[in-house]
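Here is a friendly tour of one protein model, written for someone meeting it for the first time. Please take a look at the structure, and then read on.

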Amino acid sequence: MTSTFLPDKRTGPGAGSPPPAADRRPAGRARRRTLHWLTAAGFQLPALVLFMGLVLLPMLFALYAAFFRWGGFGMPSDYIGGENFSRLLQDDVFLGDLWRCLLLVVLSLALQLPFALAMAVLLNQRMRGRAVYRMLFFAPYVLSEAITGILFGMIFAPDDGFADQVLGKVGLEGLGGEWFADPSTVMATVFLVMTWKYFGFHMMLYLAGLQAVPRELTEAALIDGASAWQRFRNVTLPLLAPTLRISVFLSVIGSIQLFDLVWVTTAGGPDHHSETMAVTMFQYGFKRYQVGYASAISVVMFGISLVFALAYQRFVLRRDLEGATTTMRGDGK
């Protein structure tokens with residue numbers, strides 16, 4: 001009887017059988033990896049396009065326009081080199097902007113942030129109505145800067161403003177006056193408005209950091225006989241240090257770039273005594289049509305912010321970043 005079995009013409013081990021799974025695995029992994037990269041790129045592409053069109057390209061064009069005498073119409077053509085930047089060093093208004101920026105930074109670090117920290121520590125205690133107080137103190141930050149400026153413009157209006165009326169009723173009318181219109185009081189008034197507007201944001205940051213402080217440590221310090229100040233200084237404050245560093249960074253950057261509150265309340269007056277770099281840039285760019293010079297101011301603002309951010313990250317945030325990297329490596333991620 002003749003067999004109908006036809007032998008496979010291929011010879012060797014495994015002839016006639018599919019290739020083992022181990023041989024197919026590298027190709028499958030490569031395809032999956034490629035698919036993951038394409039998926040990630042597809043999700044990131046719209047954000048990258050918006051970032052390029054609305055952030056990166058305008059920044060590059062501002063740097064380009066800073067080397068031209070340009071009024072904002074047509075394309076820049078009158079190349080003047082670094083004349084706009086040398087003009088900044090001779091501009092009394094811009095040099096005053098730098099001084100006022102430094103003043104706001106110092107006041108924010110010395111008064112606004114400690115006040116926010118004190119309120120956070122107070123509202124972290126068990127007390128009746130704690131949630132209501134937190135909401136009330138955080139509410140000013142939710143308001144827009146324009147609304148805040150208009151509100152305080154009415155409060156500090158000369159003579160018939162709410163602040164002057166209150167001072168008059170308690171017999172302190174001599175302390176009132178032209179809050180935003182007096183060169184000797186305008187920066188203090190602007191800083192008061194800043195503190196009212198932004199201290200709630202920093203307070204909530206500190207509250208979030210306080211929630212992460214283990215209660216067992218403070219209770220152990222209490223058992224050891226530590227006072228409230230000793231517990232705060234030796235236990236709470238060191239554990240809150242990462243949050244404090246982030247708060248300081250945001251406060252300094254915000255002071256450097258302050259614009260809207262000043263523009264709505266004083267527009268930089270009286271006689272430039274409350275101008276910031278951003279207000280001066282706006283004045284030259286959109287009021288005087290010296291867009292090339294305004295672009296130079298924007299480049300300097302960006303440079304100051306960038307240098308501060310890099311230096312702060314290098315010398316202040318290095319410990320936090322190294323801790324995060326070590327944690328990620330320890331988790332095997």
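## Helix 4 against helix 7

The axes of helix 4 (residues 130–142) and helix 7 come within 6 Å and cross at roughly 130 degrees, which makes helix 4 oblique to helix 7. Angles under 35 degrees count as roughly parallel, over 145 as roughly antiparallel, 65 to 115 as roughly perpendicular, and the rest as oblique. The axes are lines fitted to C-alpha atoms, for helices over the stretch in contact, and the angles run from 0 to 180 degrees between N-to-C directions. Helices here are DSSP runs (H or I, at least four residues), numbered from the N terminus.

On the helix 4 side, the contact (heavy atoms within 4.5 Å) is made by Arg-134, Phe-137, Phe-138, Pro-140 and Tyr-141. Their partners in helix 7 include Trp-196, Lys-197, Phe-201 and Gln-211. By class, the contact of helix 4 with helix 7 has 11 nonpolar, two polar and two charged residues. In this scheme Ala, Val, Leu, Ile, Met, Phe, Trp, Tyr, Cys and Pro count as nonpolar, Asp, Glu, Lys and Arg as charged, and the others, Gly among them, as polar.

## About the model

This is a predicted model, in which local features need pLDDT of at least 70 and side-chain atom pairs count only at pLDDT 80 or more, while totals for chains, interfaces and linings use all residues. Residues are numbered from 1 along each chain as its sequence is written, and side-chain values use heavy atoms, with hydrogens and water left out.

## Helix 7 against helix 9

Helix 7 (residues 186–211) also packs with helix 9 (residues 228–256), at an angle of about 150 degrees and with the axes 9 Å apart. The two helices are therefore roughly antiparallel to each other, and their crossing is right-handed.

Which residues of helix 7 meet helix 9? They are Met-194, Phe-201, His-202, Leu-205, Tyr-206, Gly-209 and Leu-210, and the residues they meet in helix 9 include Thr-236, Leu-240 and Ser-255. The contact of helix 7 with helix 9 divides into eight nonpolar, seven polar and no charged residues.

## Helix 11 against helix 12

Helix 11 and helix 12 pack at an angle of about 160 degrees, with 8 Å between their axes. They are therefore roughly antiparallel to each other, and the crossing is left-handed. Among the residues in this contact are Met-277, Thr-280 and Tyr-284 of helix 11, and Val-291, Ser-298 and Ile-304 of helix 12. The residues of the contact of helix 11 with helix 12 divide into 10 nonpolar, three polar and no charged.

## Pockets and a cavity

The search for spaces uses a 1 Å grid over the protein atoms alone: a cavity is a set of points where a 1.4 Å probe fits but cannot get out, a pocket is an open set with protein on both sides within 12 Å along at least five of seven lines, and lining residues have an atom within 4 Å of a point. Grid points are joined across faces, edges and corners, and a volume is the space filled by probe spheres set on the points.

The largest pocket has a volume of about 590 Å³. Of its 18 lining residues, Asn-124, Gln-125, Arg-215, Thr-218 and Thr-236 are the closest to its centre. Helix 9 gives the most to this lining, with five residues. The second largest pocket, of about 350 Å³, is lined by 13 residues, and Met-59, Ala-62, Ser-298, Val-299 and Phe-302 lie nearest its centre. Its lining has 10 nonpolar, three polar and no charged residues. The whole structure holds one cavity of 30 Å³ or more, lined by residues including Val-93, His-272 and Arg-288.

Pro-270 sits in the loop between helix 10 (260–265) and helix 11. A cis peptide bond joins Gly-269 to Pro-270, with omega about -5 degrees. Ala-267 is in the loop between helix 10 and helix 11, and has a positive phi of about 55 degrees although it is not a glycine.

Definitions and conventions. A crossing is left-handed if the near helix is turned anticlockwise from the far one by less than a right angle, and right-handed if clockwise.
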